[in-house]
Amino acid sequence: MQARLHRLGGAAGPVVLFLHGFGADRFSWLAVAPMLQDVAQVWTMDLPGHGAAPDEVGDGSPLQLAQAVAAAAADLAAPAYLVGHSLGAMIAHLLHRQDPEHFPLLALIAPAGFGHGADADFLTDFARLHAPDETRALLERMVAKPRHVTPAMVTHVLTMLEATPGRRAALARIAATLNSVAPLPVADLPKGCPMIWGDADRIAPAPDGFAGGLLPGVGHVPQVEAALSVRRALRAELARLAGAQA
Amino acid sequence: MTPILVPQLGNEISEAEVTEWLVAEGAVVAAGDAVVTITTTKMAIDIEAPVAGRLTRIAVAEGELAEVGATLGEIA
(Lines give C-alpha, C1' and ligand atoms only; values in the text may rest on other atoms or scores of the structure.)
Protein backbone atom coordinates (compact mmCIF):
# COMPACT_ATOMS: atom_id res chain seq x y z
CA MET A 1 0.00 0.00 0.00
CA GLN A 2 1.50 3.29 -1.09
CA ALA A 3 0.81 6.99 -0.80
CA ARG A 4 2.45 9.18 -3.41
CA LEU A 5 4.50 12.16 -2.25
CA HIS A 6 4.64 15.23 -4.48
CA ARG A 7 6.93 18.24 -4.10
CA LEU A 8 5.24 21.52 -4.89
CA GLY A 9 8.14 23.88 -4.23
CA GLY A 10 9.70 26.30 -1.78
CA ALA A 11 13.39 26.40 -0.95
CA ALA A 12 13.38 27.51 2.68
CA GLY A 13 11.27 27.43 5.79
CA PRO A 14 9.63 24.50 7.54
CA VAL A 15 8.54 21.38 5.68
CA VAL A 16 4.75 21.42 5.32
CA LEU A 17 2.85 18.39 4.06
CA PHE A 18 -0.77 18.71 2.91
CA LEU A 19 -3.08 15.68 3.25
CA HIS A 20 -6.29 15.75 1.21
CA GLY A 21 -9.69 14.35 2.08
CA PHE A 22 -11.69 11.32 0.92
CA GLY A 23 -12.20 11.26 -2.86
CA ALA A 24 -9.90 14.22 -3.44
CA ASP A 25 -6.24 14.39 -4.43
CA ARG A 26 -3.20 16.64 -4.24
CA PHE A 27 -4.88 19.19 -6.51
CA SER A 28 -7.47 19.98 -3.85
CA TRP A 29 -4.84 22.29 -2.30
CA LEU A 30 -4.42 24.34 -5.48
CA ALA A 31 -5.87 27.54 -4.01
CA VAL A 32 -3.76 27.35 -0.84
CA ALA A 33 -0.56 25.31 -0.93
CA PRO A 34 1.30 26.77 -3.94
CA MET A 35 0.94 30.27 -2.50
CA LEU A 36 2.93 29.28 0.61
CA GLN A 37 6.12 28.45 -1.29
CA ASP A 38 7.75 31.72 -0.23
CA VAL A 39 7.62 30.75 3.44
CA ALA A 40 7.71 26.94 3.48
CA GLN A 41 8.91 23.85 1.69
CA VAL A 42 5.58 22.65 0.43
CA TRP A 43 4.68 19.02 -0.24
CA THR A 44 1.40 17.39 -1.12
CA MET A 45 0.43 13.76 -1.25
CA ASP A 46 -2.00 11.43 -2.94
CA LEU A 47 -3.42 9.03 -0.35
CA PRO A 48 -3.66 5.32 -1.27
CA GLY A 49 -6.55 4.80 -3.68
CA HIS A 50 -6.50 8.46 -4.74
CA GLY A 51 -4.85 10.57 -7.44
CA ALA A 52 -1.65 9.04 -8.78
CA ALA A 53 -1.29 6.56 -5.90
CA PRO A 54 -1.93 2.81 -6.37
CA ASP A 55 -5.34 1.40 -5.46
CA GLU A 56 -4.23 -0.98 -2.71
CA VAL A 57 -5.76 0.41 0.50
CA GLY A 58 -5.42 -2.49 2.94
CA ASP A 59 -8.43 -2.54 5.24
CA GLY A 60 -9.15 1.08 4.28
CA SER A 61 -8.82 2.30 7.85
CA PRO A 62 -7.39 5.69 8.73
CA LEU A 63 -4.75 3.83 10.75
CA GLN A 64 -3.46 1.88 7.75
CA LEU A 65 -3.68 4.94 5.51
CA ALA A 66 -1.65 6.82 8.11
CA GLN A 67 1.01 4.11 8.02
CA ALA A 68 1.25 4.52 4.24
CA VAL A 69 1.56 8.29 4.62
CA ALA A 70 4.31 7.89 7.21
CA ALA A 71 6.19 5.51 4.90
CA ALA A 72 5.88 7.86 1.93
CA ALA A 73 6.98 10.81 4.06
CA ALA A 74 9.97 8.98 5.54
CA ASP A 75 12.46 10.83 3.36
CA LEU A 76 11.15 14.26 4.28
CA ALA A 77 13.23 16.24 6.73
CA ALA A 78 11.71 16.18 10.21
CA PRO A 79 9.70 17.82 11.52
CA ALA A 80 7.09 17.70 8.78
CA TYR A 81 4.23 20.01 9.71
CA LEU A 82 0.91 18.51 8.68
CA VAL A 83 -2.13 20.25 7.24
CA GLY A 84 -5.03 17.86 6.82
CA HIS A 85 -8.54 18.16 5.45
CA SER A 86 -11.39 15.84 6.51
CA LEU A 87 -10.02 12.27 6.18
CA GLY A 88 -6.58 13.81 5.72
CA ALA A 89 -7.05 15.62 9.02
CA MET A 90 -7.97 12.33 10.72
CA ILE A 91 -4.75 10.86 9.37
CA ALA A 92 -2.72 13.91 10.42
CA HIS A 93 -4.19 13.63 13.90
CA LEU A 94 -3.24 9.94 14.10
CA LEU A 95 0.31 10.57 12.90
CA HIS A 96 0.69 13.44 15.36
CA ARG A 97 -0.46 11.30 18.27
CA GLN A 98 1.98 8.55 17.29
CA ASP A 99 4.99 10.84 16.83
CA PRO A 100 4.36 14.48 17.78
CA GLU A 101 8.01 15.46 17.30
CA HIS A 102 8.14 14.15 13.73
CA PHE A 103 4.63 15.24 12.75
CA PRO A 104 3.57 18.47 14.46
CA LEU A 105 0.21 19.83 13.30
CA LEU A 106 0.09 23.10 11.41
CA ALA A 107 -3.70 23.09 11.03
CA LEU A 108 -6.67 20.76 10.73
CA ILE A 109 -9.43 21.70 8.31
CA ALA A 110 -12.94 20.25 8.76
CA PRO A 111 -11.52 17.10 10.35
CA ALA A 112 -13.66 13.99 9.98
CA GLY A 113 -14.12 11.56 12.82
CA PHE A 114 -15.24 13.83 15.63
CA GLY A 115 -18.63 14.42 17.20
CA HIS A 116 -21.32 13.03 14.93
CA GLY A 117 -18.87 11.61 12.38
CA ALA A 118 -19.01 12.14 8.64
CA ASP A 119 -21.97 11.94 6.25
CA ALA A 120 -22.18 8.19 5.61
CA ASP A 121 -24.30 8.48 2.45
CA PHE A 122 -21.88 10.94 0.91
CA LEU A 123 -18.98 8.56 1.41
CA THR A 124 -20.88 5.55 0.11
CA ASP A 125 -22.38 7.29 -2.92
CA PHE A 126 -19.11 8.91 -4.00
CA ALA A 127 -17.52 5.70 -5.28
CA ARG A 128 -20.68 4.94 -7.32
CA LEU A 129 -20.77 8.20 -9.27
CA HIS A 130 -20.99 7.87 -13.05
CA ALA A 131 -23.01 10.71 -14.55
CA PRO A 132 -21.95 14.38 -14.48
CA ASP A 133 -25.32 15.52 -13.10
CA GLU A 134 -25.29 13.18 -10.11
CA THR A 135 -21.62 14.02 -9.52
CA ARG A 136 -22.37 17.73 -9.47
CA ALA A 137 -25.29 17.19 -7.09
CA LEU A 138 -23.18 15.18 -4.66
CA LEU A 139 -20.24 17.57 -4.78
CA GLU A 140 -22.57 20.49 -4.13
CA ARG A 141 -23.35 18.96 -0.73
CA MET A 142 -19.74 19.75 0.17
CA VAL A 143 -20.01 23.48 -0.38
CA ALA A 144 -22.18 26.34 0.80
CA LYS A 145 -22.24 28.06 -2.59
CA PRO A 146 -22.83 25.85 -5.66
CA ARG A 147 -20.59 28.03 -7.84
CA HIS A 148 -17.58 26.43 -6.14
CA VAL A 149 -18.42 23.17 -7.91
CA THR A 150 -17.31 23.84 -11.47
CA PRO A 151 -17.65 21.65 -14.57
CA ALA A 152 -13.86 21.24 -14.35
CA MET A 153 -14.17 19.79 -10.85
CA VAL A 154 -16.94 17.40 -11.93
CA THR A 155 -14.82 16.20 -14.84
CA HIS A 156 -11.78 15.86 -12.60
CA VAL A 157 -13.65 13.68 -10.11
CA LEU A 158 -15.14 11.41 -12.79
CA THR A 159 -11.75 11.09 -14.49
CA MET A 160 -10.23 10.11 -11.15
CA LEU A 161 -12.92 7.48 -10.55
CA GLU A 162 -12.29 5.97 -14.00
CA ALA A 163 -8.50 6.27 -13.76
CA THR A 164 -7.92 2.63 -12.87
CA PRO A 165 -10.10 -0.50 -12.74
CA GLY A 166 -9.65 -0.73 -8.97
CA ARG A 167 -10.32 2.88 -8.03
CA ARG A 168 -14.01 2.57 -7.16
CA ALA A 169 -13.44 -0.55 -5.04
CA ALA A 170 -10.59 1.20 -3.20
CA LEU A 171 -12.77 4.19 -2.36
CA ALA A 172 -15.71 1.96 -1.40
CA ARG A 173 -13.42 0.11 1.02
CA ILE A 174 -12.26 3.33 2.64
CA ALA A 175 -15.85 4.63 2.81
CA ALA A 176 -17.13 1.46 4.45
CA THR A 177 -14.36 1.55 7.04
CA LEU A 178 -14.87 5.24 7.79
CA ASN A 179 -18.57 4.63 8.26
CA SER A 180 -17.84 1.91 10.80
CA VAL A 181 -15.37 3.89 12.91
CA ALA A 182 -16.82 5.35 16.10
CA PRO A 183 -16.35 9.14 16.17
CA LEU A 184 -14.00 10.60 18.75
CA PRO A 185 -15.30 12.92 21.47
CA VAL A 186 -14.75 16.64 21.09
CA ALA A 187 -12.30 16.49 23.98
CA ASP A 188 -9.93 14.56 21.72
CA LEU A 189 -9.56 17.45 19.30
CA PRO A 190 -5.91 18.49 19.32
CA LYS A 191 -5.00 21.56 21.28
CA GLY A 192 -2.61 24.25 20.18
CA CYS A 193 -3.10 24.19 16.42
CA PRO A 194 -5.61 26.11 14.32
CA MET A 195 -8.85 24.27 13.60
CA ILE A 196 -10.60 25.60 10.53
CA TRP A 197 -14.27 24.75 10.12
CA GLY A 198 -17.15 26.24 8.15
CA ASP A 199 -20.49 26.90 9.83
CA ALA A 200 -22.33 25.36 6.84
CA ASP A 201 -20.41 22.06 6.79
CA ARG A 202 -22.92 19.28 6.04
CA ILE A 203 -20.36 16.48 5.60
CA ALA A 204 -18.38 16.61 8.85
CA PRO A 205 -19.80 19.50 10.86
CA ALA A 206 -18.00 20.86 13.88
CA PRO A 207 -19.04 18.82 16.91
CA ASP A 208 -21.15 20.16 19.74
CA GLY A 209 -18.83 21.74 22.23
CA PHE A 210 -16.25 22.87 19.69
CA ALA A 211 -14.95 26.07 21.21
CA GLY A 212 -13.25 27.60 18.16
CA GLY A 213 -14.66 30.01 15.64
CA LEU A 214 -16.41 28.91 12.46
CA LEU A 215 -16.02 30.48 9.04
CA PRO A 216 -19.40 31.99 8.14
CA GLY A 217 -21.11 30.78 4.98
CA VAL A 218 -18.51 28.09 4.35
CA GLY A 219 -19.16 24.38 3.85
CA HIS A 220 -16.91 21.34 4.08
CA VAL A 221 -14.03 22.59 1.88
CA PRO A 222 -12.75 25.89 3.31
CA GLN A 223 -9.54 25.54 1.28
CA VAL A 224 -11.67 26.03 -1.82
CA GLU A 225 -14.54 28.14 -0.49
CA ALA A 226 -12.52 30.46 1.72
CA ALA A 227 -9.00 30.03 0.41
CA LEU A 228 -7.86 33.45 1.53
CA SER A 229 -8.92 32.81 5.12
CA VAL A 230 -7.16 29.45 5.09
CA ARG A 231 -3.98 30.91 3.60
CA ARG A 232 -4.00 33.67 6.22
CA ALA A 233 -4.45 31.17 9.05
CA LEU A 234 -1.60 29.00 7.77
CA ARG A 235 0.67 32.00 7.20
CA ALA A 236 -0.08 33.28 10.69
CA GLU A 237 0.79 29.90 12.17
CA LEU A 238 4.01 29.68 10.14
CA ALA A 239 4.94 33.20 11.27
CA ARG A 240 4.23 32.23 14.89
CA LEU A 241 6.49 29.19 14.51
CA ALA A 242 9.25 31.28 12.95
CA GLY A 243 8.95 33.76 15.80
CA ALA A 244 9.09 31.00 18.37
CA GLN A 245 12.29 29.63 16.85
CA ALA A 246 13.99 33.03 16.46
CA MET B 1 -0.78 50.77 -9.86
CA THR B 2 -0.86 47.23 -8.50
CA PRO B 3 -1.40 44.26 -10.81
CA ILE B 4 -3.74 41.39 -10.01
CA LEU B 5 -1.71 38.34 -10.98
CA VAL B 6 -2.49 34.72 -11.70
CA PRO B 7 -0.92 33.14 -8.60
CA GLN B 8 1.52 30.26 -8.41
CA LEU B 9 -0.48 27.09 -9.00
CA GLY B 10 2.21 24.48 -8.41
CA ASN B 11 4.45 22.74 -10.89
CA GLU B 12 1.69 20.86 -12.71
CA ILE B 13 -0.58 23.77 -13.68
CA SER B 14 0.62 26.56 -15.95
CA GLU B 15 -2.55 28.41 -16.97
CA ALA B 16 -6.12 29.09 -15.98
CA GLU B 17 -9.27 30.45 -17.57
CA VAL B 18 -10.87 33.63 -16.32
CA THR B 19 -14.40 32.49 -15.63
CA GLU B 20 -15.96 35.47 -13.89
CA TRP B 21 -15.08 38.98 -12.86
CA LEU B 22 -16.81 39.45 -9.52
CA VAL B 23 -16.49 43.26 -9.62
CA ALA B 24 -16.88 45.65 -12.55
CA GLU B 25 -14.15 47.80 -14.02
CA GLY B 26 -14.11 51.06 -12.09
CA ALA B 27 -15.44 49.53 -8.88
CA VAL B 28 -13.79 50.22 -5.53
CA VAL B 29 -12.44 47.16 -3.72
CA ALA B 30 -10.91 46.45 -0.32
CA ALA B 31 -7.70 44.49 0.06
CA GLY B 32 -8.64 40.82 0.27
CA ASP B 33 -11.95 41.15 -1.60
CA ALA B 34 -12.47 38.39 -4.13
CA VAL B 35 -12.36 40.17 -7.49
CA VAL B 36 -12.06 37.46 -10.12
CA THR B 37 -12.59 33.70 -10.38
CA ILE B 38 -10.18 31.64 -12.43
CA THR B 39 -10.66 27.99 -13.29
CA THR B 40 -7.94 25.43 -13.87
CA THR B 41 -8.54 21.96 -15.21
CA LYS B 42 -9.09 20.94 -11.57
CA MET B 43 -11.07 23.63 -9.78
CA ALA B 44 -12.16 27.26 -9.50
CA ILE B 45 -10.07 29.68 -7.48
CA ASP B 46 -11.12 33.13 -6.27
CA ILE B 47 -8.37 35.72 -6.64
CA GLU B 48 -8.37 38.52 -4.10
CA ALA B 49 -7.47 42.17 -4.50
CA PRO B 50 -3.85 42.54 -3.33
CA VAL B 51 -4.50 46.15 -2.22
CA ALA B 52 -7.42 48.49 -1.68
CA GLY B 53 -8.33 50.82 -4.52
CA ARG B 54 -10.24 51.01 -7.78
CA LEU B 55 -10.22 48.27 -10.40
CA THR B 56 -8.94 50.48 -13.21
CA ARG B 57 -8.40 47.83 -15.87
CA ILE B 58 -9.52 44.33 -16.70
CA ALA B 59 -6.71 42.87 -18.79
CA VAL B 60 -8.08 39.38 -19.37
CA ALA B 61 -11.72 39.00 -20.28
CA GLU B 62 -14.03 36.20 -19.14
CA GLY B 63 -13.48 33.08 -21.19
CA GLU B 64 -9.84 33.85 -21.96
CA LEU B 65 -6.80 31.93 -20.76
CA ALA B 66 -3.99 33.44 -18.71
CA GLU B 67 -0.65 31.95 -17.72
CA VAL B 68 0.69 31.81 -14.18
CA GLY B 69 2.17 35.23 -13.40
CA ALA B 70 0.10 37.05 -16.01
CA THR B 71 -1.67 40.29 -15.15
CA LEU B 72 -5.44 39.82 -14.93
CA GLY B 73 -6.24 43.42 -14.06
CA GLU B 74 -4.95 46.48 -12.27
CA ILE B 75 -5.88 48.33 -9.11
CA ALA B 76 -4.95 51.97 -8.59
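This is a predicted model: local features need pLDDT of at least 70, side-chain atom pairs count only at pLDDT 80 or more; totals for chains, interfaces and linings use all residues.
A110(A) sits in the loop that links strand 5 to helix 3 (120-126) of chain A. Is A110(A) buried or exposed? A110(A) has 29 C-beta neighbours inside 10 Å, so it counts as buried.

Where does S86(A) lie? It belongs to the loop between strand 4 and helix 2 of chain A. S86(A) counts as buried because 28 C-beta neighbours fall inside 10 Å, and the cut-off is 20 or more.

The loop between helix 1 and strand 4 of chain A holds P79(A). The peptide bond running from A78(A) to P79(A) is cis. Its omega is near 0°.

## Helix 2 of chain A

Helix 2 of chain A covers residues 87-98, twelve residues in total. From first C-alpha to last, the helix reaches 17 Å. That is close to the 16 Å expected at 1.5 Å a residue.

How many residues of helix 2 of chain A are buried? Ten of the twelve are, and the helix is mostly covered. The buried residues include L87(A), M90(A), I91(A), L94(A) and L95(A). H93(A) and H96(A) are buried too. What do the buried residues of helix 2 pack against? Their partners in chain A include strand 2 (15-19), strand 4 (80-85) and strand 5 (105-109). Helix 1 (62-72) and helix 6 (167-180) of chain A are also among them.

## The sheet of chain A

Six strands of chain A form an open sheet. Their order is 1-3-2-4-5-6, and the pairing is mixed. Which strands lie at the edges? They are strand 1 (4-9) and strand 6 (195-196) of chain A, and each pairs on one side only.

Strand 2 of chain A pairs with strand 3 (residues 41-46) of chain A in the parallel sense. Five bridges join the two strands. V15(A) stands opposite Q41(A), a residue of strand 3 of chain A.

## The fold of chain B

Chain B has eight strands and zero helices. From the N terminus on, its elements run β-β-β-β-β-β-β-β. The radius of gyration of chain B is 11 Å, close to the 11 Å from the globule rule for 76 residues, so chain B is as compact as a globular protein of that length.

Along its principal axes, the C-alpha trace of chain B spans about 35 × 20 × 15 Å. Buried residues account for 33% of the 76 residues in chain B. Take the contacts in chain B between residues at least 6 apart in sequence: 53% of these join residues at least 24 apart.

## Where the chains meet

Contact between the chains involves 16 residues of chain B and 16 residues of chain A. Which element of chain B gives the largest share of its side? Strand 5 of chain B does, with four residues. The side of chain B that touches chain A has six nonpolar, seven polar and three charged residues.

## Confidence

The model scores ipTM 0.84 and pTM 0.94. Chain B averages a pLDDT of 94, and 100% of its residues score at least 70. In chain B, confidence is lowest in strand 5 (residues 44-48), with a mean of 90. It is highest in strand 8 (residues 71-75) of chain B, at 98.

Note on methods: Residues are numbered from 1 along each chain as its sequence is written. Chains are lettered from A and ligands numbered from 1 in the order in which they are written. pLDDT is the predictor's confidence in each residue, from 0 to 100. Two residues are in contact if their C-beta atoms, placed from the backbone, lie within 7 Å. Ala, Val, Leu, Ile, Met, Phe, Trp, Tyr, Cys and Pro count as nonpolar, Asp, Glu, Lys and Arg as charged, and the others, Gly among them, as polar. The radius of gyration is taken over C-alpha atoms; the globule rule is 2.2 Å times the number of residues to the power 0.38. The expected span of a helix is 1.5 Å times one less than its number of residues. Two strands pair if DSSP finds at least two bridges between them.
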